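Please look over the sequence and the three-dimensional structure shown here before reading on. The briefing that follows goes through selected parts by topic.

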Amino acid sequence: MRTVLCYGDSNTYGQIPGETGLVRYDRDQRWPGVMGTSLGPGWLVVEEGLIGRTTVHDDPIEGSYKNGRTYLRPCLLSHSPLDLVIVMLGTNDLKVRFHKPASEVAMGLSVLVHDIMDTGCGPGGGNPEILVVAPPPILEDLRDWQPVFAGGFEKSRELALEFEYVADSLGVHYFDAGRVSECSRDDGFHLDRDAHLHLGRALAREVLAIGWPDGNR
Amino acid sequence: MPDMRHAPPRRLRIADREGGMNQLSVRSHNERLLLSLLLQRHGLSRMEIGQITGLSAQTVSVIVRSLESDGLIVQGEAQRGRMGPPTYPLRVNPEGAWSIGISIGYRRTEVVLIDFLGTVRGHRAMSYKTSDLLDIYVRLPRLVQDLLDEVPADRRKRIAGIGMAVTSDIDHWKGALQLPSRNFIGIETEITQITGLEVLVQNDTTAATSAEGLFGATRQMDDYLYLFLGAHVRQRLVLNHQIHSGRIDLPGSGRQTGILDLESELLSRGLEIDGLWSGASDWLEFDAFLDPWLDKVADSMRMLVHEAMQFVRFDTIVIAGSTPAHVLARLHDRLGRHLPETTILISEIDRSAKAVGAASLPFNSHFIV
C-alpha cells in the first residue's frame, strides 16, 4: 500500500463554489477522491484540505490556525510513512491582508517543501516524493470576495511560473492545475465538480508517471 | 550569512520557460544524458531512466519537464502492461530540433535537412565529373541557402546548426590552391555569414559512423567495425561507443576497392556513368558489372576485417554506403560467406549517410553526452 497526502486549502477540502460555510462535494467528487479512484487499489489517499489555509502566514482575521507551516509537521508525522506529498496552496496568500507578490508566495511554498524534506516522513525515515501543484488562477469577478483579493487576479497568473521555479530549484515534481481546470464563475476562486474531476484524473496520471518500483509495497 | 534555504529560487535554466518552443539552447549534462538515452532507446519511462542513470525520481521529473516544455521530448499515452501500474513512455520529439548536414564527395556534394530522429526532411545535391574545389566552393553556399529557404520561418529557430563532412585529403584536391581561404574549411565562415548558423566540420567517414550510432543500426551497440562503401572503402572501429579511425584515409593508402574503381571500369568501356553518382539511380544499368566488382569490394573488406581482428575482438560489422540498397544487400551476402562467425548488419541510414552524419554534429554538440 502506498500513501499519498494531499495538503491544501478549500480547493482540496472541496468547498462548493458560491456556497458559504462548510459545504463540500462528496468524497468521491473531490479531486483527492477522483485521484484515488484513478490510482486504484494499492493507494491510500489522505485528504488534508483546510479552508483559508495559507503557505506560511497566520491569518490575522481568520485565525493563526490557517498557517500552513505550523500544522504541516504534525500533519505529516501523523500520517507517516508517506510515499508522496502533494501540496496545492497559494491562493489564500493572495489576500490583500498579506500584501504579497507571487514571488513571495512561492518562497512560502519553498519553505513548506524544505520542511517536508526535514521531517523524515517518507519511507524508512527518508524523504517522500513531493509534488508541488500550482493552483488554477482566480477569476476577475470574485463577487463579494472582490475586496479581500484586490489585486489577486494578476498575481494569481504569475503563481504557476513562480512555483515552477521553486520546484525546479528544489528538485521536486511539479504540475500546473491551470492546465486542466479553472475556477468557477459562481465565486471566481473555487473549483466546481468538473474541475475537481479533471484535476483528480490529471494528478493521478502525474503520480503514476513518477514511476513506482515494485508495483505494490 | 543568510539561511540559503530562504534564498530566492534559481531561475537559470528555465528563464525562457513561458515561451514554449523557443530558440534552442545548449543543454545541461543531465538533460543531454536523458536525450542520449532516449535516442538510444525510444519509449523509456521516467522510472527506467532513473534506474539506468541513478538520478532520483524528482531530478528526472525536473529534467523531463524542462525538455518537454522546450519541445525536445514528448510524453506518450499510458502503456498498460499485464500487471502493475501503467507507464508513460518518453520519446524524442522529431520536430524538436532540426539540423543541416553537408557532405563533400569526390563526385557529388549533398546537403540534407534532418529532424531530431535523423529522418531526412529535405535534400539538395550537385554532381560533377571531376572534383574541383573552387567550383564546389562557389556553388555550395547557394545549395545550402536553397534548402534553408524550404524551411518555414517559424521552424528556422529549431535548426541547431550546420555540420560539414569532408574527406581527410580534401586540401589536396584540384583547385585547393585557388581557394580564397587557402583551405576548404574556410568556407565554413562564409556559410555562417550567409545562414547565421554555426558550422562544425568532421571527417566524412567518422560522421557517417556517428550517424549510425545515433540514429541507425548501432544505437544500442558498444563495439563494432563500420565499413563504408563510397568512392573508396573506408572503415572505422567503434569500441565502447568511441570511434577510432586508425589508418589515415589517403588515396592509394589501401588496396580498397570503391565506387571509383567501378567508375574506371565503366569509363574504360566507354559507358555513361552519370547514374553512378546521381543518388537516385538504382544502378540497374550497370548490373552486368556489379558482381565482379562486388567480389573485389568484399575481398578488400574481408582483409580490413582480418587486419582489425588481429588487434581487437568484435562480433559485429556494419556495412553502409552511398550505393542503392540492393548493392549493399548483395555485398552483405558475400561478406557473410567470407565471415560466417561475424554478425553483419546493413546500415539503417540511407545512402546520404555522410550528410546525415554531418547533420548530427550540431546535435552532438548541443544535446548529446
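**Strand β1 of chain A**

In this predicted model, β1(A) and strand β3 (residues 84-88) of chain A run parallel and pair over 5 bridges, where pairing requires that DSSP finds at least two bridges between two strands. Strands (E, at least two residues) and helices (H or I, at least four residues) are DSSP runs, numbered from the N terminus. Because the model is predicted, local features need pLDDT of at least 70 and side-chain atom pairs count only at pLDDT 80 or more, while totals for chains, interfaces and linings use all residues. Residues are numbered from 1 along each chain as its sequence is written, chains are lettered from A and ligands numbered from 1 in the order in which they are written, and side-chain values use heavy atoms, with hydrogens and water left out.

- In β3(A), A:Val87 is the bridge partner of A:Tyr7.
- β1(A) also pairs with β2(A), in the parallel sense and over 7 bridges, and here A:Thr3 stands opposite A:Leu44 in β2(A).
- Strand β1 (residues 2-8) of chain A is largely enclosed by the rest of the structure, because 7 of its 7 residues are buried, where buried means under 20% relative accessible area, exposed over 50% and partly exposed in between (1.4 Å probe, protein chains only).
- A:Arg2, A:Val4, A:Cys6 and A:Gly8 point one way from β1(A), whereas A:Thr3, A:Leu5 and A:Tyr7 point the other way.

**The loop between β2 and α3 of chain A**

- A:Thr54 lies in the loop between β2 (43-49) and α3 (68-79) of chain A, and with a relative accessible area of 0% A:Thr54 is buried.
- A polar atom of the A:Thr54 side chain lies 2.7 Å from the backbone oxygen of A:His57.
- Not counting residues up to four places away in sequence, A:Thr54 touches residues including A:Lys66, A:Leu89 and A:Phe98, where contact means heavy atoms within 4.5 Å.
- A:Thr55, found in that loop between β2 and α3 of chain A, counts as buried at 0% relative accessibility, and among the residues it touches, not counting those up to four places away in sequence, are A:Arg69, A:Val105 and A:Leu112.

**Helix α6 of chain A**

- Helix α6 (residues 193-210) of chain A has 18 residues and reaches 26 Å from its first C-alpha to its last, close to the 26 Å expected at 1.5 Å a residue, that expected span being 1.5 Å times one less than the number of residues.
- At the start of α6(A), a side-chain oxygen of A:Asp192 comes to within 3.2 Å of the backbone nitrogen of A:Asp194, and just after α6(A) there is a positive phi of about 90° at A:Gly211.

- Strand β6 (residues 159-166) of chain B is joined by 5 bridges to strand β7 (residues 199-203) of chain B, and the two run parallel.
- B:Leu34, in helix α1 (residues 29-40) of chain B, is buried with a relative accessible area of 1%, and B:Ile63, 29 residues away in sequence, is 8.0 Å away in space, C-alpha to C-alpha.
- The contact between the chains takes 31 residues from chain A and 25 residues from chain B.
- Chain A and chain B bury about 2,600 Å² between them, 53% of it on carbon and sulfur atoms, where buried area is the accessible area (1.4 Å probe) that two parts lose on being put together, summed over both.
- A:Tyr165, A:Asp168 and A:Arg205 supply 25% of the area that chain A buries against chain B, more than any other three residues.

Methods. Polar contact = N/O pair within 3.5 Å; in protein donor to acceptor, adjacent residues only side chain to side chain.
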